Amino acid sequence: MTAVEIAAAVRTAQRSARSVVDDHLAAISEGDGDISAFNLVAAQQAQTRADEIDAAVAQGCDPGPLAGVPVALKDNLCTRGVPTTCSSRILEGWAPPYDATVVERLRDAGAVLVGKTNMDEFAMGSSTENSAFGPTRNPRDPNRVPGGSSGGSAAAVAAGFAPIALGSDTGGSIRQPAALCGVVGVKPTYGLVSRYGLVAFASSLDQIGPLTTTVADAAAVLDVIAGPDSRDSTSIRQPQPPVSETLVEGVGGLRVGVLAELSGDGIAADVAARLQAAVGALESAGARVGQASVPAAVYGLSAYYLIAPAEASSNLARYDGVRYGLRVDAPSTPEMNTATRSAGFGDEVKRRIMLGTYALSAGYYDAYYGKAQKVRTLIINDFALVWEQFDLLISPTSPTTAFSLGERTADPMAMYMSDVCTVSVNLTGQAAMSVPYGVGNDGLPVGVQILAPALGEPVMFRAAAVLEASL
């Protein structure tokens with residue numbers, strides 16, 4: 001059952017929330033040993049919450065639009081009293097004293113937390129192989145990666161462990177694993193969803209979004225978690241219309257551009273073929289399709305891998321052994337700081353901290369970080385021009401299908417190229433989502449990416465619903 005179907009059944013007492021939760025906990029118990037999607041399974045807490053929902057229904061109360069729906073949370077979303085590790089040793093033993101805003105909103109809507117999912121440490125990676133707890137495997141082929149950094153969330157949904165999951169997207173970390181695992185993944189407009197309670201990687205890029213099996217489920221979740229939040233200074237203050245109501249409107253008359261810079265060199269032939277099939281489906285549904293160009297997008301990856309590490313080096317300075325988490329004792333405070341960070345951070349996190357600190361250092365700030373921000377502005381300006389011609393853009397989500405475990409771990413540059421189709425959207429703050437659209441030559445899922453201007457989610461979801469229905 002989809003999340004929408006589960007909620008409808010629970011709200012009308014056709015099915016109990018407890019039975020739904022027990023079924024999903026049983027699936028996790030049986031199957032996650034092979035997948036490792038979860039860092040923590042909150043079985044007792046989930047069952048208690050399900051019983052509360054059933055009691056509310058019995059009393060004639062409506063528990064909410066996601067009543068009884070199991071949800072998995074990426075392990076960088078704060079959950080009160082439940083360990084939040086970011087898949088890093090440095091947060092060992094830390095349980096937040098508060099909930100992230102999205103966690104509060106899901107709970108108020110009747111959703112049931114079943115566990116915290118594995119991820120690349122501090123969301124730094126494209127394969128979920130950088131976790132301190134070991135890699136997550138792709139449910140479609142356990143010898144392949146699920147993508148990253150929200151690979152645990154994508155794998156949990158693809159494996160049927162939870163109908164919905166939340167991830168965070170800094171440079172494609174929701175959309176890329178969604179594509180590789182064959183699920184729907186949404187990166188909302190920056191500020192549409194509160195980041196309060198999200199452990200920061202790169203604050204000007206991070207955004208929380210859903211991973212689901214269907215477009216309708218993704219719309220239902222986004223309608224719940226979106227909206228203003230006084231605790232997040234970057235939150236958009238104006239409430240936005242729900243996207244679920246737009247799903248049946250179709251794409252007739254919409255102008256859709258195939259984004260040349262993200263659809264040419266470096267894209268595998270089987271992925272390109274699925275993109276063309278998606279273009280044909282949109283045309284058949286009444287969209288007007290043309291070629292679109294955002295010239296500065298070719299510099300997106302270079303700009304991203306200066307801006308994101310620079311922000312990360314600042315955000316991760318707080319993990320010093322003094323405030324919370326891991327502490328390695330040493331004779332002096334500086335030695336303790338060094339020993340704690342050396343033991344607590346993994347190789348990829350250390351690599352990005354060093355890169356970011358270098359880019360921000362005296363003598364190099366203007367040459368690297370400053371130029372990267374200027375490139376970011378160029379990309380924003382180029383997208384602004386293309387939105388005058390098109391309502392939506394389309395591209396591959398990932399240049400390839402899921403690659404093998406260990407295939408790219410020794411070559412960081414090859415790993416970084418996994419984000420080539422997705423990073424530009426984070427630099428601009430626009431909306432984008434990945435929709436599964438068939439399989440490649442190896443039988444593994446291919447995702448098609450739909451891009452929309454800021455606050456263009458209603459139109460974006462219309463196109464996603466059309467693609468989903470065309471398969």
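**Close-up views of a predicted model**

**View 1. Strands E1 and E3 pair in the antiparallel sense.** In this predicted model, the pairing of E1 with E3 (residues 112-117) runs over 3 bridges. Phe38 has Thr117 of E3 as its bridge partner.

**View 2. An open sheet holds 11 strands.** Their order is E1-E3-E2-E4-E6-E5-E10-E11-E9-E7-E8, and the pairing is mixed. Which strands stand at the edges? They are E1 (38-41) and E8 (288-292). Each has a single partner strand, so one side of each lacks a neighbour in the sheet. From one strand to the next, the twist averages 25°.

**View 3. Helix H4 packs on the sheet.** H4 (residues 101-108) touches E2 (70-74), E4 (164-169) and E6 (207-212). The direction of H4 makes about 180° with that of E2.

**View 4. Helix H7 lies across E4, E5 and E6.** H7 spans residues 215-225, and E5 spans 184-187. The helix runs at about 145° to E6.

**View 5. Gly148 and Ser149 are joined by a cis peptide bond.** Omega is about 5°. Ser149 sits in the loop between E3 and helix H5 (151-158). Most peptide bonds are trans.

**View 6. Ala123 has a positive phi.** The angle is about 70°, although Ala123 is not a glycine. Most residues other than glycine have a negative phi. Ala123 lies in the loop between E3 and H5. Is Ala123 buried or exposed? It is buried, because its relative accessible area is 4%, under the 20% cut-off.

**View 7. Ala13 has a positive phi of about 65°.** Ala13 is not a glycine either. Its loop lies between helix H1 (3-11) and helix H2 (17-35). At 55% relative accessibility, Ala13 counts as exposed.

Conventions: Residues numbered from 1 in each chain as written. Predicted model: local features only at pLDDT ≥ 70, side-chain atom pairs only at ≥ 80, totals over all residues. Heavy atoms only, no water. Pairing = 2+ DSSP bridges. Helix = DSSP H or I, 4+ residues; strand = E, 2+ residues; numbered from the N terminus. Axes fitted to C-alpha atoms, helices over the stretch in contact; angles between N-to-C directions. Contact = heavy atoms within 4.5 Å. Buried < 20%, exposed > 50% of the residue type's maximum accessible area, 1.4 Å probe, protein only.
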